[in-house]
Amino acid sequence: AIDLHLVSQRPGCEGWVFPSKLYGIAAVGRPVLSIGVAGAELGEIVKRQGFGWHHTVDDVDGIVATLRSFASSSSNREAASEAARAYHRSTGGFEKSLAEWNALLAIRDLRPGPAAA
């Protein structure tokens, strides 16, 4: 049982990949400490939805302050956990994501065919 999840993103990758583990973390209602570049989608989601904190890779003092604050405040932990669960509910979770992928594949006619016997 992890109290705080670390989700990092290498600077320069934010336009190419998104750490999908964020959705699983939100589904189990855990807060997130994200580390990456300022203005990246990862950090914006975490901050805007209120289930974590975001720092740039060079903000060591800020990261330490966040960790100390997190460790000393059960109300901050509980609020961030509830915000994570609310974010998961608002995004529709796995079922919505699966439906969106199926719709995309159908548009491109890339749906998998019947399994080979």
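Analyst: Two residues are in contact when heavy atoms of theirs lie within 4.5 Å, and among the contacts in the protein chain between residues at least 6 apart in sequence, 52% join residues at least 24 apart. This is a predicted model, in which local features need pLDDT of at least 70 and side-chain atom pairs count only at pLDDT 80 or more, while totals for chains, interfaces and linings use all residues. Residues are numbered from 1 along each chain as its sequence is written, and side-chain values use heavy atoms, with hydrogens and water left out.

User: Why does Arg-77 count as partly exposed?

Analyst: Buried means under 20% relative accessible area and exposed means over 50%, with partly exposed in between (1.4 Å probe, protein chains only). Arg-77 has 26% relative accessibility and therefore counts as partly exposed.

User: Which residues does Arg-77 touch, not counting residues up to four places away in sequence?

Analyst: Arg-77, which lies in helix H4, touches Pro-31, Phe-70, Ala-71 and Ser-72 on that count. Its side chain reaches the backbone oxygen of Ala-71 at 3.1 Å, and the C-alpha atoms of Arg-77 and Asp-3 are 8.0 Å apart in space although the two are 74 residues apart in sequence.

User: What makes the largest nonpolar core a core, and how many residues does it have?

Analyst: A nonpolar core is a set of buried Ala, Val, Leu, Ile, Met, Phe, Trp, Tyr and Cys residues joined through side-chain atoms within 4.5 Å. The largest such set here has 12 residues, including Val-7, Leu-22, Phe-51, Ala-84 and Tyr-87. Helix H1 (21-27), helix H2 (41-49) and helix H4 (74-91) are the elements that give two or more residues to this core. Apart from this core lies another, of five residues, among them Leu-4, Ile-35, Ile-63 and Phe-70.

User: What makes strands S1 and S2 a pair, and in which sense do they run?

Analyst: Strands (E, at least two residues) and helices (H or I, at least four) are DSSP runs, numbered from the N terminus, and two strands pair if DSSP finds at least two bridges between them. S1 (residues 5-8) and S2 (residues 32-36) have four bridges and pair in the parallel sense, with Leu-6 opposite Leu-33 in S2.

User: Of which hand is the β-α-β crossover from S1 through H1 to S2?

Analyst: A crossover is right-handed if, with the strands pointing away from the viewer, the path from the first strand over the helix to the second runs clockwise. The crossover from S1 through H1 to S2 is right-handed.

Technical notes
Polar contact = N/O pair within 3.5 Å; in protein donor to acceptor, adjacent residues only side chain to side chain.
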